[in-house]
Amino acid sequence: MKPRCAVLDDYQGVALASGDWGSLAGRVDVRVLREHLTDRDTLIAAVQDCEILVVMRERTPVDAALLDRLPRLRLLVTSGMRNASVDVAAARARGVTVCGTASSPAPPTELTWALLLGLARHVPAEARALREGGPWQSTVGADLAGRTLGLVGLGKIGARVAAIGLAFGMHVRAWSPNLTEERAAEHGVRLARDKRELLAGSDFVSLHMVLSDRTRGLLGEPELRAMRPHAYLVNTSRAGLVDGDALLRALREGWIAGAGLDVYETEPLPADDPLRSLPNVLALPHLGYVTEGNYARYFGQAVEDIDAFLKGAPVRELG
């Protein structure tokens, strides 16, 4: 029998059009699941006959308990070369090969600026008022030129965000635990002495750190209280970098002016989550990586990963 492959969480229904799946015709039976299956038993029932799974980012966690209930699984392909919700060690221990794909830093960089600009110029409120016949001009936007952009993290994405901030005429500062003055200077950025200095001196703060045990809760109540009341926080990295309860208090009590968010502890975000309704939150459904180009990389290389595995020479293995 041909191996069976399930592509999970294809929200937009574009997975098959984003890669050359025809090259696997006759060798693999491929099916797509568009709905996110939060119930584990339902998920297992849907894919337990599969030897291959293709997962998108952290949409569906693949841990040891799930792997134990999928004994037929032999290949797991994830978009990107890092997926915190996949237990790679557990997969390898069970004889499951885990492969990744390329991912571009450009899309999350661009979305970071979409959120930042949307907050600064009150785009959602003004667009809604125009559409609904509300007041003609009801807000006053914040300038970017001459203001300070604080970056928590200056890696591949953070450095790109910095370059755009400089192009807008902003003063750009950065901090991370291992960031040096020399590296910051390479990107035309000033190094903040510590996290508190960065937060207290910035008009806009954008997070660009990998989530780990060391960085979880990097911004808690003391850090959020250190920010300026007119400052905005943008997070397109990982929700766990910020203490969620402290962020809600900051937004409700006015410690900061607002937040632009694209990442959440639970995704999809529950319908009753307060982040959906707070007036000073510009929230998007984790669109940072969702572009035509990135999807072509993800699914195009997923096909390559499957083809190489079937030929006995896996590529882009993780672990």
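**Exercise 1. Find the strands that pair with β9.**

Start with strand β10 (residues 232-235): four bridges join β9 to β10, and the two run parallel. This is a predicted model. Now look inside that pair. Ser 206 has Val 234 in β10 as its bridge partner. Next, take strand β6 (residues 148-152). Four bridges join β6 to β9, and these strands run parallel. Here Leu 149 stands opposite Phe 204 in β9.

**Exercise 2. Name the handedness of the unit formed by β9, helix α9 and β10.**

Step one: locate helix α9, residues 221-226. Step two: follow the path from β9 through α9 to β10. These elements make a right-handed β-α-β unit.

**Exercise 3. Describe the largest nonpolar core.**

First, its size: 30 residues. Leu 224, Leu 233 and Leu 275 touch the most other members. Second, the contributors. The elements giving two or more residues are α8 (195-200), β9, α10 (244-253) and β11 (258-261). Of these, α10 gives the most, with five residues. Third, zoom in on Leu 233. Leaving out residues up to four places away in sequence, Leu 233 touches Val 205, Leu 207, Leu 224 and Leu 247, among others. Last, look elsewhere. A second, separate core has 23 residues, including Ala 142, Leu 154, Ala 184 and Leu 282.

Key:
Residues are numbered from 1 along each chain as its sequence is written. This is a predicted model: local features need pLDDT of at least 70, side-chain atom pairs count only at pLDDT 80 or more; totals for chains, interfaces and linings use all residues. Side-chain values use heavy atoms; hydrogens and water are left out. Two strands pair if DSSP finds at least two bridges between them. A crossover is right-handed if, with the strands pointing away from the viewer, the path from the first strand over the helix to the second runs clockwise. A nonpolar core is a set of buried Ala, Val, Leu, Ile, Met, Phe, Trp, Tyr and Cys residues joined through side-chain atoms within 4.5 Å. Buried means under 20% relative accessible area, exposed over 50%, partly exposed in between (1.4 Å probe, protein chains only). Contact means heavy atoms within 4.5 Å.
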